[in-house]
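The entries go from the whole chain to single residues.

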Amino acid sequence: VIDRLGAAPHPTACPDPSPATGNQVLVKVEAAALNAVDLHIAAGHHRAGPPQLPYVPGIETVGTIVAGPDQGLRVRAAVPAGLVPGVNGGMAEFLLTDRATCIPVPDGLDSVAAAAIGVVGTSADLSLRRAGIQAGESVLVLGATGPLGTAFLQLARLAGAKRVIAAGRNPERLAQVPAADGVAVLGEEPLSERLASLGGPVDLVVDPVWGPWAEPALACLKPGGRYLNVGAAAGDGTAFHVEWLRAAQLTLIGFSATRAEPADIITSYQHVAALAAAGSLALPTATYPLDEATQAWEAQASSPGKKIVVIP
């Protein structure tokens, strides 16, 4: 439970949710993945406004329906925990939600992996589609050592990209990223110079970090290239010469999963879950028991390079 704005959650005893009625289902939680947006909501920084306290955080959960329609079905559920008053999330033993929020999980995919690939997998998949990625293109992924960046690398390769370059600040983590044809350590040398040794400018830049890395990454695009921004982990403010956009006829594309259509999210999750079940998409994870919710939250805040998953 979070009972103070900006504080980490702490374990406590709460009454079980009321039995499911109508189209509601009671889900016995098996895994709850933490996301950057969970911390953003809890800090009161989300554009929806500060959360109504207290509440149970965790916007995505995997578990088995134990009451309501489709009992016995294992599902992934996404809930607006902290965004809608009275809605609790998945860092609990049970979750009460609408059946419409639940997507069946493939039998061959364990619950931790099914939770881990939810938000980051669908965000990467839907935004790459929005950016119009094509087979044979070249892609530069910033923030490649985090779970979202790791998902982008793999999904870009699966979409047929011929050259995928991973960029990040941690050389040790960069050496372990999957699906990359080369790596660039941010801050070591000018990014465009490093890219010149890795095949030259790219068709698409994928950027979940923004901040000081946006301007050097824009310089890595081919004429007519596209710049896809999906976040601002390194800061929201940056300056760049807008003449670059005009001279090279670049396209800036923004994506937020909160604006995605529910039907598109369902289709996307089914796609990435099938890839994960087949072994084509995998994210490194770190699991914590529910009574270590505070430690899990702190790990998420530290940019661990792994997907943090809480298990009741």
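I began with the contacts (heavy atoms within 4.5 Å) and found that, in the protein chain, residues 24 or more positions apart account for 70% of those with a separation of 6 or more. I note that this is a predicted model, in which local features need pLDDT of at least 70 and side-chain atom pairs count only at pLDDT 80 or more, while totals for chains, interfaces and linings use all residues. Residues are numbered from 1 along each chain as its sequence is written, and side-chain values use heavy atoms, with hydrogens and water left out.

Next I looked up the overall form. The protein chain has 10 helices and 13 strands, which I took as DSSP runs numbered from the N terminus (helices H or I, at least four residues; strands E, at least two). Its radius of gyration is 20 Å, close to the 20 Å that the globule rule gives for 312 residues, so the chain is as compact as a globular protein of that length; the radius is taken over C-alpha atoms, and the rule is 2.2 Å times the number of residues to the power 0.38. Of the 312 residues, 47% count as buried, that is, under 20% relative accessible area with a 1.4 Å probe, protein chains only.

I then turned to the nonpolar cores, each a set of buried Ala, Val, Leu, Ile, Met, Phe, Trp, Tyr and Cys residues joined through side-chain atoms within 4.5 Å. In the largest, of 45 residues, Ile117, Val139, Leu204, Val206, Leu228 and Tyr269 touch the most other members. Among the elements that give two or more residues to this core are strand E1 (24-33), strand E9 (202-207) and helix H9 (262-277). A second, separate core of 21 residues includes Val205, Ala214, Tyr227 and Leu250.

For Leu204 I listed the contacts beyond its neighbours within four places in sequence, and they include Leu128, Ile133, Val139, Leu221 and Leu228.

Thr61, in strand E2 (residues 60-67), is buried, with a relative accessible area of 1%. Leaving aside neighbours within four places in sequence, the contacts of Thr61 include Val29, Val75, Arg76, Gly90 and Leu95.

Last, I checked helix H10 (residues 293-301), whose buried residues are Ala293, Ala296, Trp297, Ala299 and Gln300. They cover an arc of only 160° around the axis, which puts them on the same side of H10; the arc is that of the directions from the helix axis to the C-beta atoms. Their cover includes helix H1 (36-42), strand E12 (285-289) and strand E13 (307-311).

Terms used. Buried means under 20% relative accessible area, exposed over 50%, partly exposed in between (1.4 Å probe, protein chains only).
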